[in-house]
Amino acid sequence: MKVFLSFVALLVLPLTQAFMPVSKPSFGRVGGTVYMAKEMTPEEEEIAVEKATKAMTAFTNKYLQISDTKLCADKSVPAVVIKGLAEHKVTLGAPLCPCRFYDDKEKEAKDGYWNCPCVPMRERQECHCMLFLTDDNDFVGEETNITFDEVIEGSQGMSM
């Protein structure tokens, strides 16, 4: 039992770091809208997004192993999704699914239902973003790993 718990801790602890905000933004509410207390300079935001992109890339690779799923055959699809998750991690403090429309992104990020991996993925292995694909998906590829460089190259010119 001790060995099993240690094994689970080795898998889960690195994943929890992927869900931590790059910098812990403090939020304030003004007239129903949530604002970050400290605005980032463009340079600070670029550094934060790069760091979050590395974290989300590592998370993706680990979750592919844990969930026994694969990437889309067209690696630009997961690259854009990972970049969107990273940008949401910086701006919202959570990796909110970038493939959906939200009336209130801040509320959705706090609720957690659509934070990656979303509830449908965790419960039924259904990934709306096509980031984590099962073998029966028409778009599944053979790859179970993506590099930071592939994410940057595949997501060039894309931002949320």
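This report walks through a predicted model of one protein chain, from its overall layout down to single residues.

## Ground rules

Residues are counted from 1 along each chain as its sequence is written, and side-chain values use heavy atoms, with hydrogens and water left out. Because the model is predicted, local features need pLDDT of at least 70 and side-chain atom pairs count only at pLDDT 80 or more, while totals for chains, interfaces and linings use all residues.

## The overall layout

Let's start with the big picture. The chain has six helices and two strands, and along the sequence they come in the order α-β-β-α-α-α-α-α. Helices here are DSSP runs of H or I with at least four residues, strands are runs of E with at least two, and both are numbered from the N terminus.

Of the chain's 160 residues, 38% count as buried. Buried means under 20% relative accessible area, exposed means over 50%, and partly exposed is in between (1.4 Å probe, protein chains only). The chain exposes about 9700 Å², with carbon and sulfur atoms supplying 56% of it; these areas come from the Shrake-Rupley method with a 1.4 Å probe, and for residues only the protein chains shown count as cover. As for contacts (heavy atoms within 4.5 Å), take those with a separation of 6 or more: residues 24 or more positions apart account for 68% of them.

## Helix H2

H2 covers residues 42-67, which makes 26 residues. From first C-alpha to last it reaches 36 Å, close to the 38 Å expected at 1.5 Å a residue; that expected span is 1.5 Å times one less than the number of residues. Buried residues in H2 include Ala 48, Val 49, Phe 59, Tyr 63 and Leu 64. Just after the helix, Asp 68 takes a positive phi of about 55 degrees.

Glu 50 pairs with Lys 54, their closest N and O atoms being 3.5 Å apart. The two are four residues apart in H2, so about one helical turn separates them. Glu 50 is partly exposed at 39% relative accessible area, and Lys 54 is partly exposed too, at 42%.

## The nonpolar core

A nonpolar core is a set of buried Ala, Val, Leu, Ile, Met, Phe, Trp, Tyr and Cys residues joined through side-chain atoms within 4.5 Å. The largest one here has 30 residues, and Leu 131 and Phe 132 have the most contacts inside it. H2 and H3 are the elements that give two or more residues to this core.

What does Phe 132 touch, leaving aside residues up to four places away in sequence? Its partners include Phe 59, Thr 60, Tyr 63 and Leu 64, along with Cys 116, Met 121 and Cys 127.

H3 spans residues 76-92 and contains His 88. With 3% relative accessibility, His 88 counts as buried. Its side chain makes a polar contact of 3.4 Å with the side chain of Lys 105. A polar contact is a pair of N or O atoms within 3.5 Å; within protein, one must be able to donate a hydrogen and the other to accept it, and residues adjacent in sequence count only if both atoms are side-chain atoms.

Lys 83 and Glu 87 also lie in H3, four residues apart, about one turn of the helix. They form a salt bridge with the closest N and O atoms 3.9 Å apart, and both residues are buried.

Asp 135 is exposed, with a relative accessible area of 56%.

A cis peptide bond joins Cys 116 and Pro 117, with omega about -5 degrees. Pro 117 sits in the loop between H4 (105-111) and H5.

Gln 125 lies in the loop between H5 and H6 and has a positive phi near 55 degrees. Met 130 lies in the loop between H5 and H6, with a positive phi near 65 degrees. Gln 125 is partly exposed at 32% relative accessible area, and Met 130 is partly exposed at 22%.

Key
A salt bridge is a side-chain nitrogen of Lys or Arg within 4 Å of a carboxyl oxygen of Asp or Glu.
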